[in-house]
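My entries follow in the order in which I looked things up.

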Amino acid sequence: MDENITFTAKLNSKYEINEGVMIFKVNGVTVKDKNNKPILVNVTKNTASLVFTIPDGWSAKSIKVSAVYSNKNYERLENKTTFNIIKTTPKFNITNIKLTNNSISVKGKLVDEYGHYVRGINGVVIKINSL
C-alpha cells in the first residue's frame, strides 16, 4: 500500500482545549514511530491529527481506529471508528519466459495497482491461445 490516511480527532467542548495528547490505535495497537515509541499528538484548538501510512501487504478489509485523549486534569476519553481498504486489481507482470523441450517456464511479479507485491497465497492461471 504505502498510501497515507490522516486521522483527525476533535474534542467537543464549549471551551478551547490546547493541552493533553491524543494517542491513535489501529486494530487495537498503538501507532508508534520508527523507534517503536508511541506517537503522542498534542491537542491544539480541540484537534489532533496524525498522518498514518498504510503498510504494504494489508488486504482489503475494514480497519478499526481508536483515538484516546489523555490529560492529567481529565479522565481518559476514547472514540472509535473504522476505515476501509478497498480491493484493487492485481497485475501479473511477466519478467521471463523460457521454453525447453515440452515445457514452458513463466516468471513474473504479482503486484497491486500501486506496484507493490501482493502478499499471501495466490493463484495465477496462464492461458495460451485462450485455452
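**Entry 1: the largest pocket**

I sorted the lining of the largest pocket by class and found 14 nonpolar, eight polar and five charged residues. I note here that the model is a predicted one. The volume of this pocket came to about 480 Å³. I then asked which residues lie nearest the centre of the largest pocket. Among its 27 lining residues, these are A9, K10, M22, A67 and N79.

I next traced the lining to the strands. The largest share, eight residues, belongs to β7.

**Entry 2: the second largest pocket**

I recorded a volume of about 380 Å³ for the second largest pocket. Of the 17 residues in its lining, W58, S59, A60, T88 and V118 are the closest to its centre. By class, I listed eight nonpolar, five polar and four charged residues in this lining.

**Entry 3: the nonpolar core**

I turned to the largest nonpolar core, which holds 20 residues. Those with the most contacts inside this core are F7, M22, F24, V43 and F83. At least two core residues are supplied by each of β1 (3-10), β2 (21-26), β5 (47-54) and β6 (62-71).

Finally, I asked what F83 is in contact with, leaving aside its neighbours within four places in sequence. I found I5, F7, I54, K61, S62, I63 and V65.

How values were computed. Residues are numbered from 1 along each chain as its sequence is written. This is a predicted model: local features need pLDDT of at least 70, side-chain atom pairs count only at pLDDT 80 or more; totals for chains, interfaces and linings use all residues. Side-chain values use heavy atoms; hydrogens and water are left out. A nonpolar core is a set of buried Ala, Val, Leu, Ile, Met, Phe, Trp, Tyr and Cys residues joined through side-chain atoms within 4.5 Å. Buried means under 20% relative accessible area, exposed over 50%, partly exposed in between (1.4 Å probe, protein chains only). Helices (H or I, at least four residues) and strands (E, at least two) are DSSP runs, numbered from the N terminus. Contact means heavy atoms within 4.5 Å. On a 1 Å grid over the protein atoms alone, a cavity is a set of points where a 1.4 Å probe fits but cannot get out, and a pocket is an open set with protein on both sides within 12 Å along at least five of seven lines; lining residues have an atom within 4 Å of a point. Grid points are joined across faces, edges and corners, and a volume is the space filled by probe spheres set on the points. Ala, Val, Leu, Ile, Met, Phe, Trp, Tyr, Cys and Pro count as nonpolar, Asp, Glu, Lys and Arg as charged, and the others, Gly among them, as polar.
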